[in-house]
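Please have the sequence and the model at hand.

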Amino acid sequence: MYIYDSVAKTKRAFKPLIPGKASLYVCGPTVYDDAHLGHAKSAIVFDLLRRVLEAEGSEVTYVRNITDIDDKIINKSRETGISITKITDIYTEAYHRDMSALGVKRPTLEPKATESLEAMFELIQKLIDSGHAYRTDSGDVYFDTQSDSEYLSISHRHQDEAETQQRVESSDEKRYPADFALWKAVHDDSITFDSPFGPGRPGWHTECSAMIEKHIDRGGAYSVDIHGGGADLLFPHHENEAAQTRCATGHEIANYWMHNGFVTIDGEKMSKSLGNSFFIKDALKAYSGEVLRFFLLGTHYRSDFNFNEEDLLASKKRLDRLYRLKKRLFGLNARDDTTSFQSALLEALGDDLSISRALALLDEMIAEANEGLDANPKDKVLKRRILADLAYVETLLGIGTMNPYEYFQHGIDEETKVKINALIDARNAAKKAKDFARSDAIRDEIAAMGVQLMDTPQGTFWERSE
RNA sequence: GGCGCCAUAGCCAAGUGGCUUAAGGCAUGGGAUUGCAAAUCCUUGAUCCCCGGUUCGAGUCCGGGUGGCGCCUCCA
């Protein structure tokens with residue numbers, strides 16, 4: 001496949017270090033709060049990448065870390081009185097629950113920072129030994145950015161010394177303002193970990209480099225094939241990761257870099273400080289996870305994504321078409337036929353995840369399938385082909401996975417369903433007696449409940465409207 | 001202040017110099033179908049923010065302008 005490498009700033013043919021085996025590392029969440037739409041976008045994008053690589057026949061090692069050591073977690077613990085481990089357990093579980101609802105498959109490995117301390121010590125020690133890191137009087141260990149001639153080659157910055165100086169507040173102990181902490185010494189009663197450098201906790205970039213070395217590096221020209229994350233991580237996070245690994249191991253951390261665009265809410269960046277965060281769990285109250293997945297998937301991963309309800313509903317209608325087709329073939333089993341649609345779909349996604357092209361192909365497939373079924377409702381060969389295509393879409397895009405009836409009835413409780421079915425029976429009786437005034441009155445009554453009826457040769461079905 | 005991204009129909013969104021006098025979806029108008037509807041199918045719409053340039057040829061490259069946005073500070 002082809003991947004746009006955001007460091008090379010060009011599209012490159014993807015060639016893994018070991019043919020047939022792709023490795024992927026993505027920066028995961030800090031588990032101190034519920035996941036928001038930005039987490040969802042990133043997770044969905046790289047889930048898609050993983051599916052495409054697998055569909056192309058690669059054996060994918062996908063590592064996504066869980067950051068469970070962080071000042072934000074510690075602060076939350078102080079504020080709430082809940083223990084650190086309790087907090088990280090709660091939000092790790094919440095993250096998994098939300099991602100699962102969005103159809104995001106679990107990565108191959110999900111290392112936690114607390115379980116990777118040895119690897120971090122090793123990395124830091126190597127940097128100290130090789131003169132790329134230094135200790136301060138207060139016990140902190142800093143990375144010496146000036147010791148790395150390649151520093152800033154990832155984010156293509158040309159840091160102006162004077163300008164940097166005014167940006168950084170407490171640089172008193174640093175040799176150079178851009179230097180960053182590998183280990184922060186802690187002397188009070190905060191959470192600390194014992195280390196060869198004294199009690200403290202790791203700097204925020206340390207874990208990614210350490211985990212990649214521990215779980216992925218196979219001693220090649222670089223550590224991991226693809227490194228991914230949100231666009232905001234390019235600098236300083238990825239720059240610093242790259243510097244650490246380069247100086248500790250002598251090779252680059254990644255061969256390809258992928259950065260997904262931001263999610264904005266009504267045109268503004270979503271951020272905690274602006275107070276416009278949008279939690280996935282809240283969005284899931286109104287929409288099924290798959291509707292959200294499809295919406296977030298619909299815009300190319302490198303573009304910024306603006307979230308608003310109106311566009312979400314338009315996106316849902318597009319997904320509805322897939323489910324309507326699925327409904328027409330409900331109850332039939334798919335087989336593994338391969339079709340030209342499938343290869344075209346994979347080819348589109350293999351071109352830097354060109355989702356718009358892929359969805360256009362999907363729409364065309366759906367239209368042709370409906371047309372064919374209209375013309376030849378009993379064509380078994382056609383049905384087989386459509387079912388195979390739908391199954392392929394499920395696997396590759398992670399959409400169309402639900403029971404179509406449940407999809408269209410999302411959010412309606414059991415009691416209401418019973419009531420609706422009773423009204424449908426009454427209406428069908430009226431229809432049979434050609435009492436259309438009464439049957440239309442019943443339909444209006446049902447419509448008032450937010451439910452739409454559809455008469456078909458197979459009977460009367462209903463969907464949630466709006 | 002430094003670095004960077006974006007600007008295509010009412011809305012979302014492809015397009016990386018000629019095969020595209022611009023995919024696909026939503027919405028709108030018309031039609032087929034339907035007891036009426038819904039669904040489905042057919043059909044309907046933009047010369048690509050502005051100005052200048054390069055080229056036989058530009059939405060697509062270059063320069064300038066205008067308007068959005070992001071990173072440089074915790075953030076996917």
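Q: How far is the sulfur of C208 from the closest cysteine sulfur, and in which residue is that sulfur?
A: This is a predicted model, where local features need pLDDT of at least 70, side-chain atom pairs count only at pLDDT 80 or more, and totals for chains, interfaces and linings use all residues. Side-chain values use heavy atoms, with hydrogens and water left out. A disulfide is a pair of cysteine sulfur atoms within 2.5 Å. The sulfur of C208 is too far from its closest cysteine sulfur for a bond, at 4.0 Å, in C27.

Q: How many disulfides does a search of the whole structure find?
A: For C247, the closest cysteine sulfur is in C208 at 17 Å, so a bond is ruled out by distance. Searching the whole structure gives a disulfide count of 0.

Q: Is C208 buried or exposed?
A: Buried means under 20% relative accessible area, exposed over 50%, and partly exposed in between (1.4 Å probe, protein chains only). The relative accessible area of C208 is 2%, so C208 is buried.

Q: Which type of pair do the rings of F121 and F197 form?
A: Rings of Phe, Tyr and Trp (its six-membered ring) pair if their centres lie within 6.5 Å; planes under 30 degrees apart count as stacked, over 60 as edge-to-face and the rest as tilted. Here the centres of F121 and F197 are 6.1 Å apart and the planes stand at 75°, so the pair is edge-to-face.

Q: How many residues apart are F121 and F197?
A: F121 belongs to helix α4 (residues 117-129), and F197 to the loop between β7 (180-185) and β8 (200-202). Helices (H or I, at least four residues) and strands (E, at least two) are DSSP runs, numbered from the N terminus. The pair links distant parts of the chain, with a separation of 76 residues.

Key. Residues numbered from 1 in each chain as written. Chains lettered and ligands numbered in written order.
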